[in-house]
Amino acid sequence: MLRFLEPIINGVLLGGLYAVIGIGLSMIFGIIRQVNLAHGELMILASYFSLLTLQLLGLHPLLTFLFVLPAMFIFGYLIQALLFNRVMGKGMEPFLMISFGLSIILQNALLLIFTPDARSLKNTLVIQSLNVYDLFHVPLIYIVNFAVSILVIGLLHQFMKRTYLGWAISASAEDLSAAKLMGINPKRVYALAMGIAAVTAAISGVLVGMTFTFYPHSGTQYLIIAFGVVIIGGLGSLPGTFLGGLILGISQLAGGHIIGPGFQLLSGYIILLVVLTIRPQGILGRG
Amino acid sequence: MSAKRIRFISILLALAVLSTIPLWDSPYVMTVWLLIFVYAALASMWNLLAGYSGMISLGQQVFIGLGGYTLAVLSVYYGLPIFLSVLLGGMISVIFAVLISLPIFRMKGVYFAIGTWIIAEALGICFSNWGYVRYGMGMFIQPAYKLSMSSVYYAAMIICIGSIALVYVLLRSKLGLALMAIRDDDIASETMGVNIFRCKFTCFLVGAFVTGIAAGILYLNTIFIQPFEAFGIGWSVKLLFIVIIGGIGTVEGPIVGAVIFVLLQQYLSEYVGYNLIILGIITIMVLFFAPKGIIGTIQNRFRVGLLSVRRQ
């Protein structure tokens, strides 16, 4: 029985990281009602940006947040203001395709600049692990990831509840015309929301870079994880995103433990397809 | 001479020129046309789903991979005649499409797009862990070496003409009318007695069948198949690009898009690394400035169409 404790605990911790990966995607869906297919590339862009600052300044990867997060906020704001805002209100397809085009551009630009080599944000947290009564081992980085993810989700929740901008964002999501009548400029609100989503993507990108290796093509893989998280939990629901992360994390590690490491991703996909079939709006999603 | 007659003669003339290409032009030009044919067929099927049935699939590579692998397994392991293997690739694709249709048709809009993509990724993982198809190393389709270049060329030409004719006939039929009604207002059309599920299901199966066969022909030219390439999202990117550039929801769009895509690919192949960036930028620019694509914009402005499904 205890053999299963380690994959489950690690699955929960990994699930926290997955929740942060998915939260930006979920937020944009909740607010703009659109799916940003470039979300994974935003993450990996942040990973490479963190790598650059780390090499130039010799900082700890966690400290590169100071530079990466503002830069990614501006990047997110600009792509919404310059690209996505032009196709708002024209249905799902143009947004889907523009974000797809953007992801191809970013992916290949990263490939050109950084070559296809595997990179990682070097830190000592990866090699240390916590040994609990000799029952199971937990890599320290997983605990850091989980702590950061709880912090991010908590902060985002408070931000949406307590700040004026948070209210404006929720108002535009709930009733666009009423929000406009109240003097809210939806395009500006959307741009700010995309900026915030890019910041959450950047946080997860740096964490992923610290935990695993990454390539210019890694964005696709994490986009699918983000999809998994938000679909299991329900698009647009914050607590659902967290739950979705946990379910995906546990099912991946438990599946990998039972069937074999090659099937780790597959077991996650199967859970995802099952949820999509039985309850397409997600476990905590609104109908 | 009536417009109908001019249209008929110009199509016939184009076909005559294209069918003699293997006789007088270089193997390089032949390969370029072969790719155009196959991509036009694949894109027509994606267009049938996305442009006419409202099903944006990001998982057509499911059928591309299945078509390619069926060809590889049947011709290499069992020594089946090569074009029979290609045909069976289409059949396997249809069978798989039926199997996944139950869960996949419960998903709508963006969920459908994601669901199809996840199925493709899952298949990629299955095939790369499957010893029978040589894991991630991929398979060489050696029997294809025995084929002459021109026979593959004619196969590609047939699948291209066949798929476009099929789309044209489908859209002119009762099914096409029903699809247009669904696209304009799905609730109203359902109350008028249109069976939405059956219409979409038919398109999905037709798309799977033709995509599986076209993929087989493409792999006769590529010779090598590898799971993460065959089931990769890159295929959907290409099909999306072709259909958007050419004009989504038009019969001619995928043909024009395929010509532009293949030619661009040939010219840009010198600039390794930049080619996909340029494709991405072109896609975004077209969406901004000509959201209906080349054919859609021309049709709107001049009200003409070579293969318009509109009834006169």
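**Figure 1. Two helices of chain A cross each other in this predicted model.** Start with helix H1 (residues 5–32) and helix H5 (residues 140–162) of chain A, whose axes come within 8 Å and cross at roughly 40 degrees. Angles from 35 to 65 degrees fall between roughly parallel and roughly perpendicular, so H1(A) and H5(A) are oblique to each other. Their crossing is left-handed. Which residues make the contact? On H1(A), look for Asn10(A), Leu13(A), Leu14(A), Gly16(A), Leu17(A), Ala19(A), Val20(A) and Ile23(A). On the H5(A) side, the partners include Tyr142(A), Phe146(A), Ile150(A), Ile153(A) and Leu156(A). Sort the residues of this contact by class and you get 13 nonpolar, four polar and no charged ones.

**Figure 2. Here a helix of chain A meets a helix of chain B.** Helix H4 (residues 92–114) of chain A and H12(B) have axes that come within 11 Å and cross at roughly 125 degrees. That angle makes H4(A) oblique to H12(B). What is the handedness of this crossing? The crossing of H4(A) and H12(B) is left-handed. From H4(A) come Met97(A), Phe100(A) and Ile104(A), and they meet Val237(B), Leu240(B) and Ile244(B) in H12(B). This contact has six nonpolar residues, with no polar and no charged ones.

**Figure 3. Now take in the whole contact between chain B and chain A.** On one side there are 31 residues of chain B, and they are in contact with 33 residues of chain A. Which elements of chain B give two or more residues to its side? They are helix H6 (109–128), helix H12 (234–246) and helix H14 (275–289). H6(B) gives the largest share of that side, with 11 residues. By class, the chain B side divides into 23 nonpolar, six polar and two charged residues.

**Figure 4. Zoom in on Ile118(B), a residue of helix H6 of chain B.** Is Ile118(B) buried or exposed? It has 22 other C-beta atoms within 10 Å, so Ile118(B) is buried. Setting aside residues up to four places away in sequence, Ile118(B) touches Ile224(A), Tyr269(A), Leu272(A) and Leu273(A). For a sense of scale, Ile118(B) and Ile36(B) sit 28 Å apart in space, C-alpha to C-alpha, and 82 residues apart in sequence.

**Figure 5. This view shows part of the largest nonpolar core.** The core has 200 residues, and the ones with the most contacts inside it are Ala193(A), Phe37(B), Ala156(B) and Ile217(B). Helix H3 (residues 27–52) of chain B gives the most to this core: 16 residues. Pick out Ala156(B) and check what is around it: leaving out residues up to four places away in sequence, Ala156(B) touches Leu34(B), Phe37(B), Val38(B) and Ile217(B). As a bit of background, nonpolar side chains tend to be buried together in soluble globular proteins.

Figure 6. You'll find Arg33(A) in the loop between H1 and helix H2 (39–57) of chain A. It has 16 C-beta neighbours inside 10 Å, so Arg33(A) counts as partly exposed. Where does Tyr135(B) lie? Look in the loop between H6 and strand S1 (139–140) of chain B. With 14 C-beta neighbours inside 10 Å, Tyr135(B) counts as partly exposed.

Note on methods: Residues are numbered from 1 along each chain as its sequence is written. Chains are lettered from A and ligands numbered from 1 in the order in which they are written. This is a predicted model: local features need pLDDT of at least 70, side-chain atom pairs count only at pLDDT 80 or more; totals for chains, interfaces and linings use all residues. A nonpolar core is a set of buried Ala, Val, Leu, Ile, Met, Phe, Trp, Tyr and Cys residues joined through C-beta atoms within 7 Å. A residue is buried if 20 or more other C-beta atoms lie within 10 Å of its own, exposed if 12 or fewer, and partly exposed in between; C-beta atoms are placed from the backbone. Helices (H or I, at least four residues) and strands (E, at least two) are DSSP runs, numbered from the N terminus. Two residues are in contact if their C-beta atoms, placed from the backbone, lie within 7 Å. Ala, Val, Leu, Ile, Met, Phe, Trp, Tyr, Cys and Pro count as nonpolar, Asp, Glu, Lys and Arg as charged, and the others, Gly among them, as polar. Axes are lines fitted to C-alpha atoms, for helices over the stretch in contact, and angles run from 0 to 180 degrees between N-to-C directions. Angles under 35 degrees count as roughly parallel, over 145 as roughly antiparallel, 65 to 115 as roughly perpendicular and the rest as oblique. A crossing is left-handed if the near helix is turned anticlockwise from the far one by less than a right angle, and right-handed if clockwise.
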